[in-house]
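Reader: I have a new structure open and would like to learn how to read it. Could you take me through it feature by feature?

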Amino acid sequence: MRLNKLFASMMLLGASYSGTGLAETFAPFTVTDIQVEGLQRVALGAALLSLPIKVGDTVDQLKLQQAIKSLYATTNFDTVSVANDDGVLVVTVKERPTISEVTFEGNKDIKDEQLQESLDSSGVKVGEALDRTMLSGIEKGLQDFYYGVGKYGAKVEAQVINLPRNRVELKFKFTEGLAAEIRQINIVGNSKFSDAELIGMLELKDYVAWWDLFGERRYQKQKLQADLETIKTHYHNNGYIRFDVTSTQVAMTPDRKGLYITINVDEGEQYKVKEVNLTGDLMGREELMRAILPIKAGDQYNGADVTFTEEMYSKYLGRFGYAYPEVKTYPEIDDESKEVTLNVNVRPGKRVYVRSVNFTGNTVTKDEVLRRELRQMEGAWLNSANVELSKNRLNRLGFFETVDTETVQVPGTDDLVDVAFKVKEQPSGSFNAGIGYGTESGISLQFGVQQSNFLGTGNQAGININTNKYSKNVSLSYSDPYFTKDGVSLGGNIYWNEFDANEANLERYKNSSYGVALSSGFPVNEYNRLNFGIGFRHNTISEISAYEQALRFYNIYRDEDDPNSDLSFNNFELNAGWYRSTLNRGTFPTDGSSQRLSGKMSTPGSDLQYFKADFDTNFYFPLTRSHSFVVLSRARIGYGNGYGDFNGNDQILPFWENYYSGGSSSLRGFKSNSVGPRSFYVVRGSEPCSPDPSGDGCGLPGDPNQIQVSQGRSIGGNAVATASLELIVPTPFLDEAYTNSVRTSFFVDAGNVWDTEFDYDKYRSLPAEEFSKLEDYSDPSRLRASWGMSVQWLSPMGPMVFSLAWPIKEYEDDETEIFSFNIGKTF
């Protein structure tokens with residue numbers, strides 16, 4: 001934009017025609033014919049149309065001058081001359097050459113695309129006639145741009161290379177040179193705030209530490225203007241309403257490589273608020289508007305509070321249909337008492353109604369999918385809160401990278417507006433192929449098709465075929481979030497799965513399962529939703545390792561006639577959940593919170609009777625108005641257990657329903673599923689045995705001191721608690737256009753998994769040395785923690801996650817994983 005303005009101003013100065021084209025003084029004569037000589041590209045008819053003279057006209061010196069000016073005004077000719085050949089008006093022209101090619105050489109600070117865009121907007125482009133008078137203006141405009149970024153040695157030369165058939169190549173040669181560095185910034189006249197404090201606020205720097213990889217001392221004129229506003233704002237926010245920047249000097253060193261910047265300021269005195277008056281049309285709401293006024297008499301004057309007050313009242317009026325309110329504060333300054341009276345004038349304007357709501361950018365998603373999320377209705381008065389709520393609901397769908405709104409006044413009216421929503425769609429599933437890699441877990445592969453916006457309907461559909469070294473899964477699912485117009489959802493899925501725990505960093509067992517489930521959800525209000533479901537699941541468990549925790553379960557359900565047979569279970573399951581969300585976006589939110597409480601249980605009469613309950617919460621706290629820095633806090637707790645009894649034994653949670661932790665989705669820095677209790681075996685010699693409460697430690701004959709406890713792999717537990725604190729920061733070296741699709745954060749994770757039902761005390765009869773191997777598992781304070789950084793981004797293949805993490809609290813038997821990378825993995 002700045003380049004365009006420079007070009008335009010310089011071209012206007014240079015755009016003039018070369019003389020009048022009159023080589024002699026003409027006596028008046030009558031035109032009997034008109035001949036135009038020298039035409040090549042321009043058609044004869046077009047040239048004659050530009051002449052304000054026709055055959056039969058009597059012309060004089062003045063009319064001929066006007067005719068020549070008209071031909072020059074077409075910008076097609078370099079020279080124009082006229083002659084009288086016995087009543088025949090002979091017009092001789094030299095056409096301007098046609099630009100055949102525009103090239104750039106030596107430019108680094110300005111991209112070719114920027115230059116070409118600026119030239120195009122000024123009419124200097126391939127296929128157009130070249131006006132040589134503009135070239136000097138273009139050169140000067142470009143040099144001014146370089147001066148504005150501190151490159152005072154820059155030179156720009158426009159070269160015209162003649163080509164056959166009256167064509168030219170226009171070449172711009174750049175000698176950019178080095179940017180002048182800021183040698184020193186001086187602030188003169190300040191006593192309330194130190195030089196270091198004020199200079200530290202500036203974007204321009206006269207010193208950059210060696211470790212600051214992104215800092216620079218390069219001068220830019222625009223940054224200086226912004227820095228002056230930063231200083232002024234700082235003083236105004238601290239009560240110095242009379243503060244002023246009296247002058248600014250930018251001095252260059254003789255070698256044109258360095259700059260000294262001097263900022264002269266007049267601080268003035270600190271002022272307090274004497275009183276705040278509300279004036280104008282308060283619509284009978286003066287009492288409420290005064291109650292929410294954030295500025296009180298006696299407060300120190302703060303410019304930011306004044307701006308906030310104006311914005312707050314404008315938004316408040318916007319909720320009642322006043323789309324264009326004017327709220328302005330007029331200060332009355334008493335220099336003797338150093339007090340300010342603030343007169344806040346409110347002019348609501350006319351209440352406006354919404355004629356229509358329009359959508360653009362949704363090439364895949366149907367209008368009806370967007371329209372059903374709206375809370376601003378057509379025909380109703382404009383409510384800024386409802387427009388913002390509609391925007392947030394569209395963002396939470398997860399279909400769009402950005403959602404922007406604009407209120408457009410209907411031409412010819414003063415009480416009607418259109419609300420325009422502009423969305424930018426992002427991948428919402430489709431093809432999903434994935435690869436994961438960890439320094440310890442190795443490579444895993446996945447494949448699937450999952451659409452959260454199936455055919456643009458907003459419905460979720462998927463055929464997933466996922467496979468990796470420990471799991472094979474096939475599922476068919478479909479869900480309609482608006483099965484009814486009131487937002488009642490209905491969905492279902494059919495699935496088959498084979499799981500080999502031995503390949504998933506867990507103690508060995510295999511689980512083959514299939515099932516079917518139906519679910520439905522009901523909106524409670526804008527932020528809360530209830531979900532319910534029912535399903536059937538069949539499990540076949542085989543190849544179970546004979547570790548103590550599994551034997552506790554196996555011994556209850558094994559077939560006494562065939563103790564080595566597989567275990568099979570048929571269970572009917574009920575589930576219910578509550579979900580609350582005030583997040584501003586469905587993907588990569590930056591503000592708001594979400595909570596999810598869910599539970600499931602097998603019904604009485606199922607082969608297994610158990611329940612599980614989980615609670616997850618996320619809070620996003622933006623640290624800046626732009627939401628470029630955000631603090632994210634997360635927590636999860638879960639608990640499961642059995643209920644009822646089976647053949648006189650208490651039912652327990654099936655071990656394949658255990659909670660696990662570790663890996664990129666929970667405790668980063670630890671190997672996937674590795675955190676929590678480990679299996680253990682009690683043996684005497686080569687034979688497994690069970691502890692004997694009578695005291696000898698084992699039911700087998702022999703020396704009890706020969707009993708050994710050997711530890712195995714992770715097995716999970718019936719309880720989990722994890723927490724995470726993250727600082728989300730702008731991604732370095734990344735264009736702002738990708739802010740909503742790439743996220744970088746630094747994090748601290750902590751948590752653990754426990755088995756609260758396994759009776760470790762039962763094994764106290766074991767030798768002390770052997771029992772000590774088990775004590776840590778019964779200690780609820782045994783937490784793990786890690787820290788690191790994570791980069792997440794969206795791709796056509798699905799979400800990608802890259803993490804570097806290091807444990808800061810671990811134990812000898814923990815398995816760590818510093819580096820992890822996943823494609824197609826939900827996060």
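This is a predicted model: local features need pLDDT of at least 70, side-chain atom pairs count only at pLDDT 80 or more; totals for chains, interfaces and linings use all residues.

Reader: Which residues line the largest cavity?

Author: Lining residues have an atom within 4 Å of a point. Here there are 16, and Arg-552, Leu-653, Phe-655, Asn-658 and Asp-755 are the closest to the cavity's centre. By kind, the lining divides into eight nonpolar, five polar and three charged residues. For that count, Ala, Val, Leu, Ile, Met, Phe, Trp, Tyr, Cys and Pro are nonpolar, Asp, Glu, Lys and Arg are charged, and the others, Gly among them, are polar.

Reader: Which element gives the largest share of that lining?

Author: Helices (H or I, at least four residues) and strands (E, at least two) are DSSP runs, numbered from the N terminus. The largest share, four residues, comes from helix 12.

Reader: Is helix 12 mostly covered or uncovered?

Author: We call a residue buried under 20% relative accessible area, exposed over 50%, and partly exposed in between (1.4 Å probe, protein chains only). Helix 12, residues 548-557, is mostly covered, with seven of its 10 residues buried. Among them are Phe-553, Tyr-554 and Tyr-557. The cover over its buried residues includes strand 25 (567-581) and strand 31 (678-684).

Reader: What does strand 31 pair with?

Author: Two strands pair if DSSP finds at least two bridges between them. Strand 31 runs antiparallel to strand 33 (residues 707-714), joined by six bridges, and there Val-682 has Val-709 as its bridge partner. Strand 31 also pairs with strand 32 (residues 687-688) in the antiparallel sense, over two bridges, where Arg-684 stands opposite Glu-687. Two residues lie between strands 31 and 32 in their hairpin, and Gly-685 takes a positive phi near 70 degrees. Strand 31 is itself mostly covered: six of its seven residues are buried.

Reader: Where can I see another hairpin?

Author: Look at strand 13 and strand 14, which have four residues between them. In the turn, Lys-338 has a positive phi of about 55 degrees. The two strands, residues 326-334 and 339-347, run antiparallel with nine bridges, and Ile-333 is partnered by Val-340.

Reader: How much space lies in the second largest pocket?

Author: A pocket is an open set of grid points with protein on both sides within 12 Å along at least five of seven lines. The second largest pocket holds about 1,000 Å³ of space. Of its 37 lining residues, Ser-626, His-627, Ser-628, Thr-739 and Asn-740 lie nearest the centre. Elements giving two or more residues to this lining include helix 11 (384-396) and strand 35 (742-754). The lining divides into 14 nonpolar, 14 polar and nine charged residues.

Note on methods. Residues are numbered from 1 along each chain as its sequence is written. Side-chain values use heavy atoms; hydrogens and water are left out. Contact means heavy atoms within 4.5 Å. On a 1 Å grid over the protein atoms alone, a cavity is a set of points where a 1.4 Å probe fits but cannot get out, and a pocket is an open set with protein on both sides within 12 Å along at least five of seven lines; lining residues have an atom within 4 Å of a point. Grid points are joined across faces, edges and corners, and a volume is the space filled by probe spheres set on the points.
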